[in-house]
Amino acid sequence: MAEKFKNLINGVWKDSTEGNTFENRNPAKWNEDIIGIFPSSTKEDVDEAVAAAKAAFEKWRLIPAPKRGDILKVVGDRMSERKDEIAFEMTREMGKVFAETKGDVQEGIDTAYYAASEGRRLFGYNAPSELQNKMNLSFRVPIGVGGFITPWNFPMAIPTWKIFPALVCGNTCVFKPAELTPKTAATLIEIIEASIKEVLGKEYIPGVVNIVHGKGRIVGEAIISHPDVDLISFTGSTLVGKRINEVAGGDLKRVSLELGGKNAQIVMNDADTELALEAVLWGAFGTTGQRCTATSRLILHKDIYDDFIKRLTEKVNKLKLGYGNEPETQIGPCVSESQRQSVHDYVKIGLEEDKANMICGGEFATDGELSDGWFYKPTIFADVKPGMRIEQEEIFGPVLSVIKCSDLDDAIRILNGTKYGLSSSIFTKNVNDAFKAIRDIKAGITYVNGATIGAEAHMPFGGVKQTGNGHREGGWTVYDFYTEWKVVYIDYSGKLQRAQIDNY
Ligand code: NAD
């Protein structure tokens with residue numbers, strides 16, 4: 001019998017009001033392995049969760065921030081203790097290999113400890129008054145109820161990037177995770193709830209964190225349009241992000257959007273090509289290419305083009321596909337049947353519409369045990385031209401487009417030529433070229449002699465152009481999103497002092 005999971009609303013684990021459910025299965029062992037049954041929730045469930053979060057906010061905001069930080073410290077400890085177990089289950093749930101799911105949990109642990117320490121900072125600013133016997137202060141205050149909507153590719157790290165800083169700042173939470181990764185999300189909320197109870201003891205507040213499972217167009221829509229939700233933090237596709245911006249932004253909610261990418265790695269003719277090869281293998285095919293920061297374009301200098309492609313193809317053809325919890329596996333499945341089909345549809349676009357030159361992959365991988373999962377052969381298109389659809393649109397699978405460039409300016413022009421701007425990379429030993437690339441690449445993140453992936457939790461994360469709406473997660477910057485500035489003027493002169501009037 002598959003395990004049954006529930007929503008957490010106002011401190012109570014409960015079924016959805018209508019009792020409907022959905023199944024979660026292992027994308028590598030589809031027929032064999034059911035992970036769990038989850039509530040398919042309704043607008044009423046969201047209403048209840050938002051009411052709980054709203055009531056909880058009035059108490060939670062009064063818990064001192066250092067104490068809220070203490071809770072996050074316990075959350076980090078519990079996640080560390082359970083790291084391997086959570087990673088194993090995450091691999092079962094969404095397919096990426098165990099080493100990567102462990103990294104995903106570690107990112108959550110790092111974010112928890114950062115948030116824990118931020119509880120003792122959350123710095124404000126003081127500035128001198130222009131009048132005598134008057135003091136000017138400014139400090140951060142929480143905003144209210146946060147709605148958090150997340151994708152399936154980083155089922156632990158992404159929710160923690162949002163929920164941990166939001167909580168430390170004094171906000172409460174209504175969380176809708178992706179339908180494809182509800183178990184990791186449920187584990188996260190179970191850990192947070194238990195940690196709140198452990199640290200607050202008799203002062204425990206129900207409803208600080210709530211999780212409502214279900215469909216984007218029902219549960220997600222109910223959250224983004226709810227009048228008592230004060231802020232929305234969303235990570236997912238650009239299409240859904242635009243819809244959220246319309247609905248939630250239209251209601252003047254504070255909205256943070258982390259959206260798609262079409263990231264490129266440049267390799268110049270003076271680069272360490274062996275290192276660049278390793279990086280592109282990791283950047284393009286790690287997480288089966290299903291990362292917002294995945295290397296989906298490789299821009300090669302003309303002098304090294306043919307040799308690099310030959311060596312890359314040899315390596316790609318040797319990658320071992322399989323179930324990510326088996327130690328020899330290098331590449332897991334696509335997350336779902338429809339995701340694999342969408343990847344395959346893009347390969348057809350590459351062949352038929354773009355007339356690009358496919359040099360490996362391009363089909364489902366179905367040998368032996370792979371036939372029970374959504375596996376896709378790592379695919380490379382060579383001689384891709386700027387402007388082709390496979391060069392412009394996010395594919396979100398193990399497909400790499402290789403483009404030839406003539407020099408650095410050409411490479412940067414090609415790199416910048418999409419509507420996205422998340423991550424980027426350049427391999428070169430020429431320090432002048434590296435600095436020029438850092439200056440001219442239009443992206444939120446640039447790696448020099450590193451793959452396009454590998455962000456660290458204490459640094460700002462996010463992109464430019466249609467990758468988002470200008471906010472950043474991670475590091476210190478995310479705390480700006482989860483707080484309002486309160487400014488206080490204290491006049492101890494004992495008389496009416498008029499700024500700008502009495503002193504000039
Ligand atoms: P998605 O946009 O389909 O779904 C994301 C979430 O939104 C899910 O929880 C889904 O249920 C919900 N949703 C769907 N429709 C909704 C609606 N109308 N209202 C409210 N919520 C709704 O994305 P996905 O397939 O889960 O994830 C892949 C996408 O996420 C890719 O485009 C990828 O680039 C992006 N992503 C971006 C980042 C980043 O930080 N920039 C990180 C990871 C993934």
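**Exercise 1.** How many residues of domain 1 are in contact with how many residues of domain 2?

*Solution.* Start with the source. The structure is a predicted model, in which local features need pLDDT of at least 70 and side-chain atom pairs count only at pLDDT 80 or more, while totals for chains, interfaces and linings use all residues. Residues are numbered from 1 along each chain as its sequence is written.

Step 1: the protein chain is divided into domain 1 (41–259 + 468–487) and domain 2 (263–448), with bounds that come from an automatic or database domain assignment.

Step 2: two residues are in contact if their C-beta atoms, placed from the backbone, lie within 7 Å. By this rule, 12 residues of domain 1 touch 13 residues of domain 2.

Step 3: on the domain 1 side, helix H3 (83–94) and helix H4 (98–118) are the elements that give two or more residues. Helices (H or I, at least four residues) and strands (E, at least two) are DSSP runs, numbered from the N terminus. H3 gives the most to this side, with four residues.

**Exercise 2.** Find where the ligand lies relative to the two domains.

*Solution.* Step 1: of the 30 residues around the ligand, Pro151, Gly216, Gly220, Gly236 and Cys292 come nearest; a residue is near a molecule if its C-beta atom, placed from the backbone, lies within 6 Å of it.

Step 2: helix H7 (216–224) and helix H8 (238–250) are the elements that give two or more residues to this shell. The largest share, five residues, comes from H7.

Step 3: domain 1 and domain 2 both give residues to the shell, so the ligand lies between them.

**Exercise 3.** Describe the seven-stranded sheet and name its edge strands.

*Solution.* Step 1: the sheet is open, its pairing is mixed, and the strand order is S14-S15-S16-S13-S12-S18-S19. Two strands pair if DSSP finds at least two bridges between them.

Step 2: strand S14 (357–360) and strand S19 (445–448) each pair on one side only, which makes them the edge strands.

Step 3: strand S12 (residues 263–267) and strand S18 (residues 423–427) run parallel and are joined by four bridges. Ile266 has Ile426 in S18 as its bridge partner.

**Exercise 4.** Is Ser338 buried or exposed?

*Solution.* Step 1: Ser338 is found in helix H11 (residues 337–353).

Step 2: a residue is buried if 20 or more other C-beta atoms lie within 10 Å of its own, exposed if 12 or fewer, and partly exposed in between, with C-beta atoms placed from the backbone.

Step 3: Ser338 has 11 other C-beta atoms within 10 Å, so Ser338 is exposed.
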